[in-house]
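Here is a short briefing on one protein model. Look at the structure first, then read the points below.

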Amino acid sequence: MKFFGVDFRHSFAFSRTYLATRTSIRPSVHNPGHPNHVDSHMIKTGFCPQIYGLNYVIDCLVKDGELSQARKLFEEMAQRNVISWNTLISGYVTSRDVCEARRLFDRATDRNLITWTVMMAGHAQSGETGEAFGLFSEMRRSDQQPDRVTLTTLLSACNVGGQSNSVRQVHSLVVKFGYGSTLLVANTLLDSYCKSGLLSCARQLLDQMPRRDCVTFNAMIAGYTKNGIAEEPLVLFLELQKSGLRPTEFTFAGVIAACTVIGDVGLGVQIHGCVVKMNYEWNVFVSNALLDMYVKSDEIGDATLLFDEMPQRDCVSYNIVITSYAWDGQWEESFNLFRKLQFAGFDPKQYPFATILSMLANSTALNVGKQVHAQAIITSAESEISVCNALIDLYAKCGNLEIAESLFRGRKDLNTVSWTSLISGYIQQCSYGKAMQFFSEMRMLGIHSDQATFSSILSACASLALLDLGRQVHSAMLKSGFMSNVFTGSALLDMYAKCGSIEYSMLAFKEMPNRNIVSWNSMISAYAQNGCGKAALDLFDEMLKLGAYPDSATFLSLLSACSHAGMADEGFYVFNSMSKIYGIHPRREHYACMVDVLGRIGKLDDAEKLINDMPFEPDEIMLSSILNSCKIHSNPQLAQRTADQLFHIGPRDASPYIAMSNIYAAAGRWEDVANVKKSMKGRGLIKEPAYSWVVIKQKTYSFSANDDSCPQMEEVKATLDMLHQKMIWMGFKPDTSCVLHRIKEEAKIEALRYHSEKLAVAFALINTPPGSPITVIKNLRACADCHVAIKLISKIVGRDITVRDSSRFHHFRDGVCSCGDFW
């Protein structure tokens with residue numbers, strides 16, 4: 001059968017029923033079947049069989065998703081009525097093409113209440129609250145009065161943020177038009193109050209409602225739970241049961257969520273019992289709420305047991321458990337369940353790609369990550385910004401920054417997480433300059449930073465000792481309101497500590513409104529880095545008095561503080577108290593700190609005994625520490641034994657070989673020096689060149705020993721020569737034992753004069769105002785000659801000079817160093 005040349009037999013069944021509808025007016029009982037009677041009735045009612053039939057076809061096409069065919073038929077109709085317009089407008093609204101629906105609405109020559117209501121619903125579902133209310137006002141001006149459906153539709157337009165006034169306006173209209181006692185309208189109004197955060201208004205409405213049903217209670221329970229209020233939902237749950245109403249799956253989901261909010265897993269177990277008793281365990285929606293509660297209560301075992309026993313699961317069930325395994329560090333279990341999900345027959349677009357990719361990023365499993373990336377592309381999940389952010393994070397953390405940046409640049413919907421992921425990736429790969437560049441670009445584009453962004457960029461400032469930029473970030477944090485966040489606060493004090501400003505670290509710590517163990521550990525670590533051993537121990541005592549309980553990281557920082565300050569007795573007390581008083585068993589890194597404590601004060605036999613007695617084999621860090629101590633305290637025999645162990649392990653860098661070479665050189669064993677260097681070269685290891693840098697006016701200047709390419713080199717050397725003469729007058733004698741080469745004494749003195757840290761200090765003296773402090777960073781340990789020289793320079797020029805080497809901070813003032821010549 002064809003209408004206007006279009007064959008509709010394949011779109012719907014043209015049955016006798018359809019044909020009957022074209023002449024569905026019943027014949028008169030007095031004159032049944034008389035055609036004149038039918039025609040007269042059509043004329044009186046205005047019924048047109050042709051329009052009716054075409055409207056029916058349009059409706060069927062719309063329901064079959066053939067919107068373009070329906071539109072074509074609509075445009076070819078010689079006559080239309082309000083049903084024609086309503087059917088097509090509704091079709092566009094249903095297909096979420098609100099723009100086309102509105103264009104059609106504006107053309108409509110016939111409108112009734114349904115026309116207005118359908119169009120308002122379209123704007124409401126698109127979040128266009130203003131458009132919906134504008135239509136409502138226009139409808140009122142056209143003398144159309146709303147019914148309950150219109151008012152509930154208007155309320156649905158208020159379910160986006162910041163519409164509390166709109167909800168109140170609709171409430172007044174509900175009362176005005178007499179729908180206040182209509183249960184459907186009252187329930188919708190209550191739900192809108194909850195979604196707008198007006199819980200007191202919602203509760204007042206609830207208490208005034210003459211009739212209630214489960215929907216009423218469910219809406220109020222959900223409103224409380226979503227706003228973090230957990231006690232009231234439980235009270236309402238009891239009230240619902242006392243009223244004789246039977247809880248639905250939505251009731252249980254809301255009450256279980258309330259148990260999750262208050263963290264009462266015991267109460268949650270009781271609700272679980274009610275779920276089983278009322279035969280709702282088959283409901284996947286309720287089971288997922290229970291899964292979520294167990295997971296967020298860290299009851300991973302119970303969550304797994306429930307998941308295994310669920311009679312029905314959906315993709316959400318899998319996602320909850322996969323994510324819980326990832327949070328708990330059970331990466332293998334998480335990935336195995338993800339593989340099972342892939343064979344469960346669910347829509348791949350719903351897979352937890354973001355969770356899996358984040359997990360793989362943390363484990364730097366790039367090859368597996370690429371396989372998951374391929375699946376995300378096939379399923380179009382890559383188009384989701386959360387998945388793209390996880391991909392950026394994966395490639396950045398695995399060192400493939402080109403792909404990470406390519407993914408980043410290919411998006412137009414970037415958010416704070418996108419920027420932070422890329423910035424963090426560059427920082428982790430030590431590309432601090434690039435990270436700063438993206439942070440500046442992010443700020444210029446007006447994209448707000450979050451706590452992760454600030455923490456990452458503060459880490460970069462700390463690594464480069466960019467104190468001025470760190471202060472600017474501090475200012476931005478104050479403006480953004482992130483100073484109350486414990487993690488950004490801890491990152492801030494760490495930044496000040498690593499820039500040598502321990503006073504600012506202390507100030508940042510004292511101004512933190514909230515502190516947790518991370519904050520205390522950061523401050524203790526700050527004291528340790530700056531050689532303030534006693535201050536670190538005093539802060540530990542204060543922490544205990546205030547009720548904070550130490551963790552493994554606390555003791556690591558305390559032992560580091562004792563090591564840098566040469567406090568062996570205190571270090572032993574801290575080490576022994578870990579297990580005896582606090583029940584924390586020392587790990588490998590704690591033993592490494594104790595070895596360092598003993599090595600620094602020359603107790604090398606005790607250090608070797610501690611290594612032999614500890615419950616695990618020594619690692620590269622411990623043996624390197626012993627080797628360095630042997631160099632300082634001239635113990636070539638222990639150095640040889642330690643080097644043999646270290647070379648057997650196969651060190652990852654050249655530093656142990658360099659240390660052993662220097663020990664042999666100091667003893668004049670040049671043949672052994674040559675053998676060590678040959679062995680180092682055979683392993684493909686290269687000595688890391690020493691360099692120092694200083695930041696002036698946010699620009700970094702790098703220096704290496706005897707490098708004539710350094711900026712202002714003639715002026716820098718002249719300054720050092722002048723300072724050298726003044727130091728000689730003060731009794732300074734160059735320590736040529738620091739030059740471990742077979743060259744003449746004069747050449748050794750000349751080489752010492754232009755070490756990288758001295759060049760950096762001289763450059764800063766030339767290019768900064770008199771009296772201002774200087775901060776120099778060195779990638780390796782400062783040599784003894786430079787240490788003595790910079791002490792004297794600080795006295796000659798009357799400046800505070802801070803040198804951060806690979807080991808610690810040295811604060812030079814008036815000829816004295818904060819380390820007490822112990823490092």
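**Briefing: helices, repeats and cysteines**

Helix H7 passes helix H9 in a left-handed crossing; left-handed means that the near helix is turned anticlockwise from the far one by less than a right angle. This is a predicted model: local features need pLDDT of at least 70, side-chain atom pairs count only at pLDDT 80 or more, and totals for chains, interfaces and linings use all residues. Residues are numbered from 1 along each chain as its sequence is written, and side-chain values use heavy atoms, leaving out hydrogens and water.

**The helix pair**
- H7 spans residues 113-125 and H9 spans residues 148-156. Helices are DSSP runs of H or I, at least four residues, numbered from the N terminus.
- Their axes come within 9 Å and cross at roughly 15 degrees. Axes are lines fitted to C-alpha atoms over the stretch in contact, with angles from 0 to 180 degrees between N-to-C directions.
- H7 and H9 are therefore roughly parallel (angles under 35 degrees).
- In H7, the contact residues include Met120 and Ala121; in H9, they include Val149 and Leu154. Contact means heavy atoms within 4.5 Å.

- Residues 112-146 are 74% helix and 0% strand, with end C-alpha atoms 11 Å apart.
- Residues 450-484 are 80% helix and 0% strand, with end C-alpha atoms 12 Å apart.

**Cysteines**
- The whole structure has 0 disulfides (cysteine sulfur pairs within 2.5 Å).
- The sulfur of Cys158 is 13 Å from its closest cysteine sulfur, in Cys201, too far for a bond.
- Cys158 is buried, at 0% relative accessibility (buried means under 20% relative accessible area, with a 1.4 Å probe and protein chains only).

Note on methods. Helices (H or I, at least four residues) and strands (E, at least two) are DSSP runs, numbered from the N terminus. Buried means under 20% relative accessible area, exposed over 50%, partly exposed in between (1.4 Å probe, protein chains only). Angles under 35 degrees count as roughly parallel, over 145 as roughly antiparallel, 65 to 115 as roughly perpendicular and the rest as oblique.
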